[in-house]
Amino acid sequence: MSNHLKLTRPDDKMDISLHVAIIMDGNGRWAQQRGKPRFWGHREGAETAKRIIEAAPKYGIATLTLYAFSADNWKRPQQEVSMLMQLLQNKLRSEVKTSIENGVKLSFIGRRDRLSSALVEQMEDAEEKTKLGTNLHLRLAIDYSSREVLMRAAQMAADDQNLTREKFSQYLARAMHSDDAAPDVDLLIRTGGEQRLSDFLLWECAYAEFYFTPVMWPDFSEEELARAVDEFKSRERRFGAIPQAQVSAML
Ligand code: FPP
């Protein structure tokens with residue numbers, strides 16, 4: 001039997017409702033390995049994102065957060081930055097209709113004041129038109145820095161005498177321009193071989209399971225996603241407690 005057939009199938013997942021976050025790394029290297037300019041990798045990476053977004057609900061993923069552009073990515077060469085921004089804008093324009101049809105609710109986390117007004121308009125239009133989607137909540141992180149969001153949330157919370165974790169999550173949502181409280185991440189996937197968080201969802205990943213793969217993002221397939229979800233399901237999540245079997249043995 002091929003390895004493929006042993007992986008999570010769409011019909012054996014449905015007791016789960018996951019928040020998966022993905023650091024889509026390796027686009028540049030993927031292109032360079034093929035003697036192409038880095039932008040080829042980003043363009044191919046956008047196609048991968050489309051395939052993974054379409055597949056996500058089949059694997060029990062209710063919320064998918066993709067790291068599309070970090071606040072530190074502004075440090076890249078100006079030409080790469082403007083091509084990435086243009087790519088995001090084009091994809092948004094072409095994908096809103098499909099998102100509505102597929103019941104995908106789109107929202108964006110990150111700063112908006114440094115983005116072009118055309119892109120911000122496109123983002124707001126996409127949020128408005130897809131707000132009734134219930135199959136998948138797709139969150140794209142654009143000009144996003146988790147430390148910056150945490151700092152802004154801390155400023156907002158400074159005078160709150162009755163601060164709780166739940167309320168802090170609400171402040172975080174406001175700090176990243178999101179209507180919804182920041183949901184905890186269940187599974188964090190990073191492609192491209194690096195094993196770090198790169199200022200992504202630091203608060204939300206407090207109890208996330210991490211899945212690192214050397215596969216470059218343009219090569220990340222639905223089968224890879226199924227593998228990551230399978231691996232996640234095989235892990236025991238204890239959230240700081242001890243396994244139930246050990247509790248019973250102590251009684
Ligand atoms: C990291 O690869 C990837 C990015 C900085 C951009 C991610 C953007 C996309 C995949 C396209 C837009 C996505 C959507 C959802 C429309 P890298 O350039 O750091 O790769 P490297 O580590 O090989 O240099």
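**Reading charge, fold and core in a predicted model**

Author: The protein carries 35 positive and 37 negative side chains, and the centres of these two sets lie 3 Å apart. The model is a predicted one.

Reader: How many helices and strands does the protein have?

Author: The protein contains nine helices and six strands. Its radius of gyration is 19 Å, close to the 18 Å given by the globule rule for 251 residues, so the protein is as compact as a globular protein of that length. Along the principal axes, the C-alpha trace spans about 65 × 60 × 35 Å.

Reader: What share of the contacts with a separation of 6 or more joins residues 24 or more positions apart?

Author: Such pairs account for 73% of those contacts. As for burial, 48% of the 251 residues count as buried. The accessible surface comes to about 13,200 Å², and 50% of this area belongs to carbon and sulfur atoms.

Reader: With which residues is Ile22 in contact, leaving aside neighbours within four places in sequence?

Author: Ile22 is in contact with Ile52, Leu64, Thr65, Leu66, Tyr67, Ile189, Phe200 and Trp217. Of these partners, Leu64, Leu66 and Ile189 are also listed among the residues with the most contacts inside the largest core.

How values were computed
Residues are numbered from 1 along each chain as its sequence is written. This is a predicted model: local features need pLDDT of at least 70, side-chain atom pairs count only at pLDDT 80 or more; totals for chains, interfaces and linings use all residues. Side-chain values use heavy atoms; hydrogens and water are left out. Helices (H or I, at least four residues) and strands (E, at least two) are DSSP runs, numbered from the N terminus. The radius of gyration is taken over C-alpha atoms; the globule rule is 2.2 Å times the number of residues to the power 0.38. Buried means under 20% relative accessible area, exposed over 50%, partly exposed in between (1.4 Å probe, protein chains only). Contact means heavy atoms within 4.5 Å. Accessible areas come from the Shrake-Rupley method with a 1.4 Å probe; for residues, only the protein chains shown count as cover. Lys and Arg count as positive and Asp and Glu as negative; His and the chain ends are not counted. The place of a charge is taken as NZ of Lys, CZ of Arg, CG of Asp or CD of Glu. A nonpolar core is a set of buried Ala, Val, Leu, Ile, Met, Phe, Trp, Tyr and Cys residues joined through side-chain atoms within 4.5 Å.
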